Structures are given as C-alpha cells and as structure tokens.
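Q: Could you take a close look at the aromatic pairs in this one and then tell me what surrounds them? Keep it chatty, but give me the cut-offs.

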Amino acid sequence: MTAEQYMEEALRLAGEAAAEGEVPVGAVIVRESDGVIVGRGRNRREQARHALSHAELEAIDEACRTLGGWRLAGCTLYVTLEPCPMCAGAIINARLDRVVFGASDPKAGSCGSLVDLFALPYNHKPLLESGLCEAACAEKLKTFFKTLRKKRVHTKELQDEGDDHGAPDGAE
C-alpha cells in the first residue's frame, strides 16, 4: 500500500467517528517492514465519555497489543489531524519512528502549529511529515463542524420557540 492508501484508511475511520457524532479523526499504525496495519483508532471521546479516547491513543493501544510490546519502533502513524500534546507525548513514549498527518490543528496541534514537542530534547524524536491528503482531511473536519453548528442553531431555535409557551405574538 502507498502512504495515500494508509491515509485513506485513516479517513475512513474518521468518517466512522463523524457518523457517531465524534470529531472526525482517524489513525492507523503501519509496520514498515511489511506494510501491515497493526493498529487502528478513531475518536470516541463522546461515546466513551473519556478524555483519553483519541484516535492516536486507540491506534497505539491496538498496535502494542498486536505486536506484543510497548515499543513501536519500525512503525509509522498516519493520522488525519495533527496530534495534540497528549497524543504527541504518547507517540514519543511509544517510540514510533514516524508520524504523518493530514490537516494542521491551529488550536491544539503539537507537531508544529502551536508547538513542536518532537523538537524538544526528549529521548526519542519521530520523523514528521505533514500535509498528506491535507485537503480531504481538512474538508472532513470542516463539514463536520459546519453540520454541528447548524444542528446547534436549529436546537436553539426550537428551544426559543418553546420558551414563549404558546403566547400570541407580542403578548410575552
């Protein structure tokens, strides 16, 4: 498989997340020696009601279980959105060799947007590539948040309509 195909799988997982009302982020971890996907993840914070349910952490967890250890040397993480500080720390601790992300995250991105945690003097420095399938990754996020905003406006309108308790116009 190509790097684009791995990112397409991450995008598919992001789509699953979006379908369940989660922020659409998907991730896969690939063992570079044979190109096998050893870990998959997608955001599940709302469903799990858990702050740690990020796509990258799910993928790291599955890869560790698949490979039988916590060191993921020889593996690459493909993720649709730039990792946050928590996920960047997990990437460093898991010893992933390389991280490839699609869309930058100006609000929480910790691989160059706000800060580059991989540039700090930690004991491990993964290689970093950004912008793979960037337009598709960014569009999935934009579409999700646009839909979410429309739902919120519609819900607010329905609540506002219910607040007048059926009083005639101008009789509040």
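A: Let's start with Tyr78, which counts as buried because its relative accessibility is 2%; buried here means under 20% relative accessible area, exposed over 50%, and partly exposed in between, with a 1.4 Å probe and protein chains only. Tyr6 is buried too, at 4% relative accessibility. Before going on: this is a predicted model, where local features need pLDDT of at least 70 and side-chain atom pairs count only at pLDDT 80 or more, while totals for chains, interfaces and linings use all residues. Residues are numbered from 1 along each chain as its sequence is written, and side-chain values use heavy atoms, with hydrogens and water left out.

The structure holds 2 aromatic pairs; rings of Phe, Tyr and Trp (its six-membered ring) pair if their centres lie within 6.5 Å, and planes under 30 degrees apart count as stacked, over 60 as edge-to-face and the rest as tilted. Tyr6 and Tyr78 have ring centres 5.2 Å apart and planes at 35°, so that pair is tilted. It ties together distant parts of the chain, with Tyr6 in helix H1 and Tyr78 in strand E3, 72 residues apart. Helices (H or I, at least four residues) and strands (E, at least two) are DSSP runs, numbered from the N terminus.

The other pair is Phe144 with Phe145: centres 5.1 Å apart and planes at 80°, so edge-to-face. Phe144 is buried at 12% relative accessible area, whereas Phe145 is partly exposed at 32%.

Now the surroundings. The largest nonpolar core has 42 residues, and Ile29, Ile60, Leu72, Leu77 and Leu96 have the most contacts inside it. Such a core is a set of buried Ala, Val, Leu, Ile, Met, Phe, Trp, Tyr and Cys residues joined through side-chain atoms within 4.5 Å. Among the elements giving two or more residues to this core are helix H1 (3-19), strand E3 (75-81) and helix H5 (134-163). Leaving aside residues up to four places away in sequence, Ile29 touches Ile60, Leu72, Cys75, Leu77 and Leu96, among others; contact means heavy atoms within 4.5 Å.

And the cysteines? A search of the whole structure turns up 0 disulfides, a disulfide being a pair of cysteine sulfur atoms within 2.5 Å. Cys87 has its closest cysteine sulfur in Cys84, 3.7 Å away, which is too far for a bond, and Cys87 is buried at 0% relative accessibility. For Cys64 the closest cysteine sulfur is in Cys75, at 9.0 Å, again too far.
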